[in-house]
Amino acid sequence: MPKDTRPSHYDILFEPVRIGPKLAKNRFYQVPHCNGGGYRDPSAVAEMRRTKAEGGWGVIFTEQTEIHPSSEITPFIEQHLWEDKDIPALAAMAEAMKSHGALAGIQLAYSGINGPNLYSREVPLAVTGGPILTFTSDPVQARTMDREDIRDLRRWFRNAFRRSQAAGFDLICLYGAHGFGILQHFLSRATNHRSDEYGGSLENRSRFLREIVEEAREETKGELALTLRLSLHEGGAFGFSNAELRDFIEMHGDLPDLWDLAQGTWEACSGTSRFVQEGAQEDLVRGIKALTSKPVVGVGRFTSADAMVRQVRSGVLDFIGAARPSIADPFLPKKIEEGRFDDIRECIGCNICVSGDMTGGISRCTQNTAFMEEWRKGWHPERVRPKGPSSSVLVVGAGPAGLEAALQAARRGYAVTLAEATDTLGGRIARERTLPGLSAWGRVADYRTGQLAPLVNAEIYRDSRLTADDVLAMGAEHVALATGASWRRDAVARFHLHPIPTDPAMPIFTPDDIMAGLGPTVGRVTLYDDDHFYMGSVIAEVLVARGCSVDFVTPATKVAEWTENTLEQGTIMRRLLSLGVRVHTCKAPESIGVGEVTLACTWTGAASPLPAEAVVMVTARLPHDSLWHDLRARQAEWEGAEVRSVRLIGDAAAPGPIAWATYAGRRFAEDLDQPDDRGDTPPFRREVARLEPGPSRLPPH
Ligand code: ADP
Ligand code: SF4
């Protein structure tokens, strides 16, 4: 579509902007973001970045790239630039980034007080020594750097500058935000207690930064642009506050070629949509542009083109920084450029992408099912492979799995029928989007129903609960059963593997009941959470809003413990306490009577009574797989009905987060007419470490 189909109002987003010696083609700036692949999956990461280049981003960055083995943040898998042999993997990424005219940037990091060095085993070096401050509370301390160490560190940075240039990058970002980078540790009085020329006054705390910026320019002969990623606001009595940041920028306005500003902690910067709205950092950034002649980039989970234009027009930002919006839709700039606003796949702010990094798995995205599967599986965020020899597909159930299966199969060109038992499309999304803070999750259903609507080869039937007879009568060649799951009410999950003694007269509810408007509206309620993700705390909020007094019981040592991986756990705990919810950790119900639940300590088994008028179980879920079993029992009839394959997908196969369901839908559609080896080879391409040549280094006998 030609450029002029977009209203001219948005043209400002497509103006070229100078960053030192480089020119960005537009204002779309993919800030550095992790992906759980890092050095382990270099080709997968490079191909992921290539889709962003294709999608029109003007600037594209790597994730955190660690410059030296004396500082690494195991168990998180980022990039390494420790020696020349790390260059080729990063050069491949730079090449992919530049493939459609974007500038390629590398983020260089030295983690200091944040690097436990569990892999390299080197003694961590910090601005001021002390216990390592990462999420994992490793029993490791860092040593305070002396002047010689600082000279070494400057040299290691120089090595990294030279290697970055050799790898073909246009921009170097020096990392000093989110509490992770040593530049922040120098700047912040919380982590810099030095009394030498690198500590004390702001001037002194800035010294290291000034030195390495100068050395970066020298080492790269001024050919690369230098950006500084700094904390917008670090809390605490001694933190590098927003006021001090402004003083710093006033003093050093022209130091970098661009200011890249992000909140003080990663939790604050990358809050989920449940707690943080689009553009939430605006107050912290406004006015900073006036302190410098260099361009400013900020983030804010921007997915609305109007909000982006407002940021630029009102003089808050020069570049629209984005990590998650670029993950959910690598083609966001292109879609805005072409005026295809309805095609934008908006980030829902769920932080499942972050969980991939936190768990050392590989990141996935609820919305963009191709994320990190571009190289592994050949999936693309926008394009699909053409259909194979068969022609018809039936998808049963229009939750996230069924909607994605139907959309991707229809895009491939199959004649798709989507049958949904209720009158609403969306499945669990239709229910969960009504819960407090989760309205943005509705985008999972809205994007897919919106994209399906104009497709002439996709037919959608509501109010159509299919039986095995119906499926066989429809005669589709391939059938996906995406019939979902429901929450259990018998306490079975992880802690209790069997139901517990329960008086049938005691009212017991599940999240499905609460979402249907059933359940208690007053009185004291025990909420038992053995799910550990978001649902328990969200249901607690609903119950409090209804007027209930809630006891939150969990066998875990903290509430919603898996939400550590989505950066929400602390916020959830604060929310529950502020709502007056009584939290009982390391406890599980042993039996349920009328008016009382007997709790047992998970360590000692000591029993304690808890008065309760009702119980809400947030435990395991039961897959709706009866249709699957009915069809399996009648497999002999499939051929006569022209059915060639039936697959159970999403929550109906194995209940999990929504991202697992959308992935399952994509997998079903991509696998159509592909050879089925029944799992004898991995279903994705992977990189196996190349063996390093050389003799054994063991001492002689
Ligand atoms: P998932 O997360 O795997 O997509 P959901 O529970 O969100 O699962 O969605 C399942 C959908 O399937 C629901 O909308 C439900 O109404 C629908 N469904 C369940 N059984 C049938 C059936 N037999 N025929 C048609 N639709 C069904
Ligand atoms: Fe956004 Fe969730 Fe995708 Fe992350 S996983 S990019 S938060 S939709």
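**Ground rules.** This is a predicted model, where local features need pLDDT of at least 70, side-chain atom pairs count only at pLDDT 80 or more, and totals for chains, interfaces and linings use all residues. Residues are numbered from 1 along each chain as its sequence is written, chains are lettered from A and ligands numbered from 1 in the order in which they are written, and side-chain values use heavy atoms, with hydrogens and water left out.

**Stop 1: everything.** Show the C-alpha atoms, and you'll see them fill a box of roughly 75 × 70 × 65 Å along the principal axes. The radius of gyration (over C-alpha atoms) is 27 Å, in agreement with the value near 27 Å for a compact globule of 701 residues; that rule is 2.2 Å times the number of residues to the power 0.38. Buried residues make up 59% of the chain, where buried means under 20% relative accessible area, exposed over 50%, and partly exposed in between (1.4 Å probe, protein chains only). Switch to cartoon for 22 helices and 29 strands; these are DSSP runs numbered from the N terminus, helices (H or I) of at least four residues and strands (E) of at least two.

Stop 2: Start with strand E15 (residues 392-396), then follow helix H14 (residues 400-412) into strand E16 (residues 415-419). Together they make a right-handed β-α-β unit: with the strands pointing away from you, the path from the first strand over the helix to the second runs clockwise. E15 and E16 run parallel, joined by five bridges; two strands pair if DSSP finds at least two bridges between them. Pick Val 393 and you'll find Val 416 opposite. Four of the five residues of E16 are buried.

**Stop 3: the five-strand sheet.** Here the order is E20-E27-E21-E22-E23, an open sheet with parallel pairing. E20 (508-509) and E23 (582-584) are at the edges with a single partner strand each, so one side of each has no neighbour in the sheet. Zoom in on E21 (residues 523-529) and E27 (residues 614-618), joined by five bridges; Val 525 stands opposite Ala 614.

**Stop 4: cysteines.** Select Cys 173, buried at a relative accessible area of 0%, then Cys 548, buried at 7%. How many disulfides are there? The count is zero, taking a disulfide as a pair of cysteine sulfur atoms within 2.5 Å.
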